[in-house]
Protein chains: 2
Amino acid sequence: MEPSLQETIQLLTRTPAALDALLRGLPETLTMRNEGEDTWTAFRVIGHLVHCEHVNWMPRVRWILEFGDTRPFEPFERAADPSGSLPHQLNEFSRLRAENLAALEALHLSPENLSLRGRHPVFGPVTISQVLATWAVHDMTHLHQISRIIAYQSRDAVGPWIKYLGVLHCDGHSAKD
Amino acid sequence: MEPSLQETIQLLTRTPAALDALLRGLPETLTMRNEGEDTWTAFRVIGHLVHCEHVNWMPRVRWILEFGDTRPFEPFERAADPSGSLPHQLNEFSRLRAENLAALEALHLSPENLSLRGRHPVFGPVTISQVLATWAVHDMTHLHQISRIIAYQSRDAVGPWIKYLGVLHCDGHSAKD
C-alpha cells in the first residue's frame, strides 16, 4: 500500500529539519565542495530545494485545480546559483516548506481532487496525487545526493573500506538528481 | 584536501540529530517497510548504527592503540533485529554516539596516533585515521540507504516523474550498504 497523503505530508514536514540538523554549522570542506566537474555542492542542492518551493509543487497543484488538463504547466527556469549563506538557505527552505504545507492543508483536497489531471508539457497527463508524491520523493532524492556529496569528500581517507561503503559506489544517476 | 579529524567529528556529531529529525514520528508505512526480499527497513538500519557504536568504531581505535598491527581486529557479529521501538533506538544512537565522541576527544590523538596501523582480518593494514573516516562515511552510507528505502515506498505513486528521481534508480549497491 502506498503512503497516504497525510503520510506524505508527515515526510515533507520533516525534511527541512533533517537537512538543517545535518548541514548547519558543518565545515565548508563538506558543504561547499562537489563531486567534481559541474556537479552540485550541498549548498547548491539546498538552493535548488528553495527554488522548487517557489516554482514547482504548490504552484502546479493550483494550476491543475484551475486549468485541469486544458493547459500544460508552464515550464520553469532552473535556479541560478543560490545567494546568501547556507544558514540563510536552510531558513528559507524551512519557512517556505511550512508555508506551502499550510497552503496544501487549507485546500482540504478530496480524493476526487487528488485524482484530477493536469498536463505536463513533456509527460502528458499527471495527477495532483502524483505531484504530491513526487514532492516528497524529490526530497529523498536530494537527501540521497547530499549524503553522497559529503561522503565523496572522504573517498580517499577511508582506505580499503571503500569497497564496503555503498554511498561511494553510487554514481550511475547523478544526472537525474 | 580531505576533511580533517575535527571536521569528521563535526559530521559524526550531527548524524543522530539528522536521523532523529527525519524519522521520529514518521508513519510505519515509511519506517517499517523495506525494499523487498531480505532488505532492511529504516528501523533496522538505526538498529545497525546502534550496534556499530557498541562494537565497531571506538573499540577498534582502542584496539590499534593497544595492539598496533600485532593482532588483527576481533571479528564482530552482525546485530540481530533491533529490539524496542524506533524512538528508543534513535535515543540509543544519540546517547552512544555522544559517549563515543567524548571518548574520542579524551584520547587527544596526535597526528602520529592517527597514522598508527592496526590489522584488519581481511584487508590487512589500516590506520586509525581510516577507521575514523570510515565511521563518518558509514553514517552517510546509511543516510543514503534510508532516503532510498523511504522513497521506494512511493515508487508507484510518482507516476511518470519516476524517470527524474535519482533515488529510485539507485539499486546497484544495496548489498554493500
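Author: Buried area here is the accessible area, taken with a 1.4 Å probe, that two parts lose on being put together, summed over both. Keep in mind that this is a predicted model. With that in hand, the area buried between chain B and chain A comes to about 5200 Å², and carbon and sulfur atoms give 69% of that. Three residues stand out on the chain B side: B:Arg14, B:Phe123 and B:Trp161 supply 13% of the area that chain B buries against chain A, more than any other three residues. In terms of contacts, 59 residues of chain B touch 59 residues of chain A.

Which elements of chain B give two or more residues to the side that touches chain A? They are α1 (5-23), α2 (28-31), β2 (124-127) and α7 (128-152) of chain B. The largest share comes from α7(B), with 15 residues. Sorted by class, that side of chain B has 30 nonpolar, 17 polar and 12 charged residues.

So how are the charges used? Between chain B and chain A the count is 0 salt bridges, although 13 residue pairs, both at pLDDT 80 or more, are in polar contact across the interface. Over all chains, on the other hand, there are 12 salt bridges.

One of them pairs A:Glu53 with A:Arg97, at 2.7 Å from N to O. A:Glu53 sits in helix α3 (residues 42-55) of chain A and A:Arg97 in helix α5 of chain A, so this pair ties together parts that are 44 residues apart in sequence. Both A:Glu53 and A:Arg97 are buried.

Helix α5 of chain A also holds a pair of its own. A:Glu92 forms a salt bridge with A:Arg95, the closest N and O atoms being 3.0 Å apart; these two are 3 residues apart, about one turn of the helix. A:Glu92 counts as buried at 18% relative accessibility, because the cut-off for buried is under 20%, while A:Arg95 is partly exposed at 39%.

Chain B has a salt bridge between B:Arg95 and B:Glu92, again with 3.0 Å from N to O. They lie in helix α5 (residues 86-106) of chain B, 3 residues apart, so about one helical turn separates them. B:Arg95 is partly exposed at 39% relative accessibility, whereas B:Glu92 is buried at 17%. Back in chain A, salt bridges with shared partners link A:Glu53, A:Arg97 and A:Asp139 into one network.

Now the cysteines. How many disulfides does the structure hold over all chains? The count is 0. A:Cys52 is in no disulfide, and the nearest cysteine sulfur, that of A:Cys170, is 19 Å away. A:Cys52 is also buried, with a relative accessible area of 3%. Then look at B:Cys170: its sulfur is 4.1 Å from the closest cysteine sulfur, in A:Cys170, so the two are too far apart for a bond. B:Cys170 is buried as well, with a relative accessible area of 5%.

One last stop in chain A is A:Gly68, found in the loop between α4 (57-67) and α5 (86-107). A:Gly68 counts as buried at 19% relative accessibility. Leaving out residues up to four places away in sequence, A:Gly68 touches A:Trp63, A:Arg117, A:Gly118 and A:Arg119. From A:Gly68 to A:Val126 is 58 residues in sequence, with their C-alpha atoms 9.9 Å apart in space.

Methods
Residues numbered from 1 in each chain as written. Chains lettered and ligands numbered in written order. Predicted model: local features only at pLDDT ≥ 70, side-chain atom pairs only at ≥ 80, totals over all residues. Heavy atoms only, no water. Disulfide = S-S within 2.5 Å. Buried < 20%, exposed > 50% of the residue type's maximum accessible area, 1.4 Å probe, protein only. Contact = heavy atoms within 4.5 Å. Salt bridge = Lys/Arg side-chain N within 4 Å of Asp/Glu carboxyl O. Polar contact = N/O pair within 3.5 Å; in protein donor to acceptor, adjacent residues only side chain to side chain. Helix = DSSP H or I, 4+ residues; strand = E, 2+ residues; numbered from the N terminus. Nonpolar A, V, L, I, M, F, W, Y, C, P; charged D, E, K, R; others polar.
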